Amino acid sequence: MHACALPVQKKLRIFKVTDWTTRGPVTNRLPTTAGCGKERGSRLMSNPSYRFDTLKVRGGYDPSEHNQSVAVPIYQTAAFNLGSPERALRLFSNEEFGPIYTRVGNPTVEAAEKRLVELHPGATGAVGLSSGMAAISFTLFNVTDGSGRILTTPQLYGGTIDSFKKIYPRFGVEVDLVEDPEEPASFEKAVTPETKAIYVESISNPKAVVADLSELARIAHAHGIPLIVDNTFATPYLLNPFAFGADIVVYSATKLLNGHGNLIAGFVLENARFWWDSKQFPQFHEQLYTLRDGNGKERSFLDTFPSLPFTARIRLVYLNYIGAALGPFDAYLFLIGLETLSERVAKQVATTQKLVQYLESREDVAWVSYPGTSGYRHTERAKKYLPQGAGTVFSFGWKGSEAQTERFLTAVKLFSYHVNVGDARSLIVNSPKTTHGELTPAQQLHAQITPDTIRISVGLEDADDLIADLKQAFHTASLQPLQTAAS
Ligand SMILES: Cc1ncc(COP(=O)(O)O)c(C=O)c1O
C-alpha cells in the first residue's frame, strides 16, 4: 500500500462548485481563461436543488452577465481588452479575474465548462479542448509529467490505445495493459510503484463493457493514484463517474454529449478530492514564479487553484503552450446539442434495446455485446452503474462469410457507414477494419474484438425503420436462403 493511501474521503477538501466556475484560473504573465469577474455566482448556479434537465439548459450561465442574452453568446474574438494599465496589472497579478486571450479562456467556452461542471455533482473544475484526443492526452501528460506508467485496458477507443503505443513512450511514459480487462483484480495485480493513474472507459468502445468504477477507484486510491474515466459513451445523463470514486473524467464531446455530429470537442473535469499534494505529483505543489501573487510570493497550482489544480494546470501548461483550444463557435454549437441530452439519450437507449432484441432473435447472428444480452459478462454491473441504460453503442457478429458481411454493410441504406458514434444519425461500421484498424490482430483479440465485429451506434431515427433496414440488408447479403448464410 502506498504511503499516502488515505481513504479519499479523509482527504476531502470542501469547495464551492462556484469557486472555479465564477473565477476561472489565473496566472501571472500568462493569458488566462475567461472568468466572469468577481465571485458573483449566478442565481442558477447557486441553487443546488435544480435537477439535471434544468441545469442542462440553464446551468453555468447568467444572462445578466452577458447583456441579458438568453442564448449563450458567441464571443468570436481572439483577445479581450485589458481596459487600462491598472486593470491589466490586476489581471496579471491575480487580483482580478477575467478573459484575456481565447486560447486559454473564452466566455462561450467557459459557459460550456461551467454547465458540464453543474451536470456532474461533485465536480469542481473543467477545461474545454478542441477534441476528445486532446482531453485524453493533456490529462495523461498532466498526471505523468514526463515519467511513470499508466495502467489501462485494451478495451478502449482504437485511437487512444494506438496513441499509448506510439506517442507516450516518446514522452517518457509507458502504458501497461491489464491481463483481464474486465476484472478489477487484474488491475490490482498490475499496479507498480511507477504507476501514476488507472485509466478506463466507463462503457468501452466498441463492446459496451461496463467498468467496475467503485472497485477500480478503491484500488487506485489504495495505491495513492487517481482513477481517470473516459465517460464519452455514457454521458453524465447515464452516469456520473465522480459518484463512484473517479478523480478525473474526460470526454470526447464530439459524440453523444453534443449528439449532432457537427463539431469536434473534448472536456476534462475534476472534483479536487485527490491528494495531489503527495510526493508522487510534485507538479501540483512545486512553487512557481509564474503563479506568484500580487506581493510577488511564488505559489503552486494547489495554492493558487485549490478547487481545480488539475484542470488549471492543463489550461495553463498544455492549453497555453501546446494549444488545442476549443473555438467559441464550436462551444456554442456544443451548448445547443447539450440542451437536448436527456431527451436524445433516453430515446436512443430505448431504440438500442429494440435493435439488440431484434438481433438477438436472429439465428444468423452469432453474438450481441450489450448489457442484458445472453453471454454478456457484467449485466449486474451495468444495472449498478447504468440503471437508465448502457448507452447507444453495441456490437454484434454475424455468421455470414467475410464477403457477405461486406455485402451487408453495403446493403444498409438508412445506417450511415461512418465512425462518429453518438450522432443523431445511426451508423454501422466494421470496427476491426476501421475504428480499431490500428490494432494488431493480437491486440484486437486482447480487446476481444473478433474479426466479425460489427459496431452500431443508434441515432434518433424511428426504431422500426432501423430494424427494417437491417432486415433488408441481411436479406440482400445472404445467399439463398438466409439459413444457408448462417451455416
Ligand atoms: C471513447 C472515445 N474517447 C475519445 C475519442 C476521441 O475523441 P475525438 O474524436 O473527439 O478526438 C473517441 C473517438 O471516437 C472515443 O470513441
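Let me start with the open sheet of 4 strands, in which the order is β8-β9-β11-β10 and the pairing is antiparallel; strands here are DSSP runs of E with at least two residues, helices are runs of H or I with at least four residues, and both are numbered from the N terminus. Two strands are said to pair if DSSP finds at least two bridges between them. At the edges of this sheet stand β8 (365-369) and β10 (427-429), each of which pairs on one side only, and the twist from one strand to the next averages 20°. Angles of this kind run from 0 to 180 degrees between N-to-C directions, with axes as lines fitted to C-alpha atoms, for helices over the stretch in contact.

Before I go on, please keep in mind that this is a predicted model, in which local features need pLDDT of at least 70 and side-chain atom pairs count only at pLDDT 80 or more, while totals for chains, interfaces and linings use all residues. Residues are numbered from 1 along each chain as its sequence is written, and side-chain values use heavy atoms, with hydrogens and water left out.

Back to the sheet: β10 and strand β11 (residues 453-457) run antiparallel and are joined by 3 bridges, and L427 has S457 in β11 as its bridge partner. Helix α15 (residues 402-411) packs on this sheet, where it touches β9 (393-398), β10 and β11, and its direction makes about 135° with that of β9; contact means heavy atoms within 4.5 Å. Helix α17 (residues 463-477), in turn, lies across β8, β9, β10 and β11 and runs at about 25° to β9.

Now to the other sheet, which is also open, has 7 strands in the order β1-β7-β6-β5-β4-β2-β3, and shows mixed pairing. Its edges are β1 (125-129) and β3 (174-177), and because each has a single partner strand, one side of each is left without a neighbour in the sheet. On average, neighbouring strands of this sheet are turned by 20° against each other, direction ignored. Strand β5 (residues 227-230) pairs with strand β6 (residues 248-252) in the parallel sense over 3 bridges, and the bridge partner of D230 in β6 is V250. Helix α11 (residues 309-321) lies across β1, β6 and β7 (266-270), at about 30° to β1.

D230 also brings us to the ligand, which is surrounded by 14 residues, the closest being G132, M133, D230, S252 and T254; a residue counts as near if one of its heavy atoms lies within 4 Å. A nitrogen atom of the ligand lies 2.7 Å from an N or O atom in the side chain of D230, and an oxygen atom of the ligand lies 2.6 Å from an N or O atom in the side chain of T254. Taken alone the ligand exposes 390 Å², of which the protein buries 92%, with areas from the Shrake-Rupley method and a 1.4 Å probe. Helix α5 (residues 132-144) gives the most to this shell, with 3 residues.

Finally, two backbone details. Most residues other than glycine have a negative phi, and most peptide bonds are trans. A cis peptide bond joins N205 and P206, with omega at about 5°, and P206 sits in the loop between β4 (195-201) and α8 (213-222). N67, although not a glycine, has a positive phi of about 55°, and its place is in the loop between α2 (52-58) and α3 (85-92).

Key:
A polar contact is a pair of N or O atoms within 3.5 Å; within protein, one must be able to donate a hydrogen and the other to accept it, and residues adjacent in sequence count only if both atoms are side-chain atoms.
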